[in-house]
Amino acid sequence: MTARPERFASLDMFRGATIFLMIVVNTAGAGGAFNQLQHAPWIGFTLADLIYPSFLFAVGNAMSFALTRPMPEHVFLRRVFKRAALIFLLGVLMYWFPFVTHQTDGSWVAKPFADTRLTGVLQRIALCYLLGALCARYLKPSQLVMVAIGLVVAHWAILVGLSPAGEAFGRYRNAGTLLDLRVIGLNHLYKKDHGFDPEGLLGTLPATANVIAGYLTGLAIQRWGKHAATVGRLAAIGAGLVVVALLLSPMLPIGKKLWTGSFVALTVGLDLILLGAVLWLVEIRGVRVGRSFLQMLGRNPLAIYLFSELLVVVLELVHVDGKGLYTWVGLNAFQPIAPGPVGSLLCALAYTLICCAFGWVLDRKGIILKV
């Protein structure tokens, strides 16, 4: 019988911290969030831009444990395709929810599927997981490195080679946007960017590189062990990737919404440094502060994320003084205490803790959303 790989609390905590910050960023209260808790409008980088790629990196970490277990090929393929399909479906249903819309005359009508977004956070996770898992199953680590680089280069080549002149790194006429408009259609894309979708199809290629990087990092940590040398290696590789990203940025701008190659290098580099720091604190120094809390979040990130997205939609359906309930609470409970970004952050933190409480209840009951 093959021994199960040793678990690392630091990896679970990294995933838990990522989902916590993701909810905080996504549910900023009234008053305007701090700049670092908002995504860069286009080219540029903020703390908020690091969270989503970090989650993809954590997906790869988890794969490095799951895929080491012996499994017949047909079982593997069934599980991987089923999981990807269900995550994708959950993403579509999340955007379709609550399936009705409130009219100005007070009536409710069915929300047409024809106007529902088909792309999104969970959908990209599903596609990147599928591609990453297939690559991890059939390729050696050295080959995976080349695949990750190839995906980034292919994305750059498509943007530069197939976009109209001068539009490769623009918003509305780059090759990725044109592909989304042709294949998916305007009505099924992100509504707030008028035809550009930050989770469009083409960006799946470089985003999969983040998953592969997380997978390779998980394998490396299992091989290298819980040692200071492991932390040093992670930090050195991470710093090197950050330097590469900065050197590339004049030619290949850093931008989350396009998910450029320099953005991949920067986020993987920062994730390696951060994960190395957590590894040093938790596995080597034995720090236990926040361990059980973050591990609890890391065990059920999908359920907690879905709950956070759906609950805020429900709250905003309830109108108080002409405003959605969540907005109203932010304005009337938190802004009087701390006006501006501080109050916005306090509101988001309070909401995030409610979502964490939901995760704690699931954890106590042994309910883990594994689709």
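User: What classes do the residues lining the largest cavity divide into?

Analyst: There are six nonpolar, six polar and four charged residues in that lining. Here Ala, Val, Leu, Ile, Met, Phe, Trp, Tyr, Cys and Pro count as nonpolar, Asp, Glu, Lys and Arg as charged, and the others, Gly among them, as polar. This is a predicted model, where local features need pLDDT of at least 70 and side-chain atom pairs count only at pLDDT 80 or more, while totals for chains, interfaces and linings use all residues. Residues are numbered from 1 along each chain as its sequence is written, and side-chain values use heavy atoms, with hydrogens and water left out.

User: OK, and which lining residues lie nearest the centre of that cavity?

Analyst: Gly-176, Phe-196, Asp-197, Gly-203 and Lys-257 do, out of 16 lining residues. The elements giving two or more residues to this lining are helix 5 (141–162) and helix 6 (175–183). Helix 6 gives the most, with three residues. Helices are DSSP runs of H or I with at least four residues, strands are E runs of at least two, and both are numbered from the N terminus.

User: How much space lies in it?

Analyst: About 100 Å³ lies in the largest cavity, and the structure holds three cavities of 30 Å³ or more. On a 1 Å grid over the protein atoms alone, a cavity is a set of points where a 1.4 Å probe fits but cannot get out, a pocket is an open set with protein on both sides within 12 Å along at least five of seven lines, and lining residues have an atom within 4 Å of a point. Points are joined across faces, edges and corners, and the volume is the space filled by probe spheres set on them.

User: Switching to rings. How many aromatic pairs are there in the whole structure?

Analyst: A search finds twelve. Trp-259 and Phe-263 make one of them: their ring centres are 5.1 Å apart with the planes at 80°, so the pair is edge-to-face. Rings of Phe, Tyr and Trp (its six-membered ring) pair if their centres lie within 6.5 Å, and planes under 30 degrees apart count as stacked, over 60 as edge-to-face and the rest as tilted.

User: Are those two buried or exposed?

Analyst: Trp-259 has 0% relative accessibility, so it counts as buried, and Phe-263 is also buried at 0%. Buried means under 20% relative accessible area, exposed over 50%, and partly exposed in between (1.4 Å probe, protein chains only). Trp-259 and Phe-263 form one aromatic cluster with Phe-45 and Tyr-52.

User: What's phi like for Trp-259?

Analyst: Phi is near 55°, a positive value in a residue other than glycine. Trp-259 lies in the loop between helix 8 (228–248) and helix 9 (261–284). Asp-321 also has a positive phi, near 55°, and is found in the loop between strand 3 (319–320) and strand 4 (323–324). Asp-321 is exposed, at 67% relative accessible area.

User: Last one: where is Pro-98 found?

Analyst: Pro-98 is in the loop between helix 3 and strand 1 (100–102). The peptide bond from Phe-97 to Pro-98 is cis, with omega near 10°.
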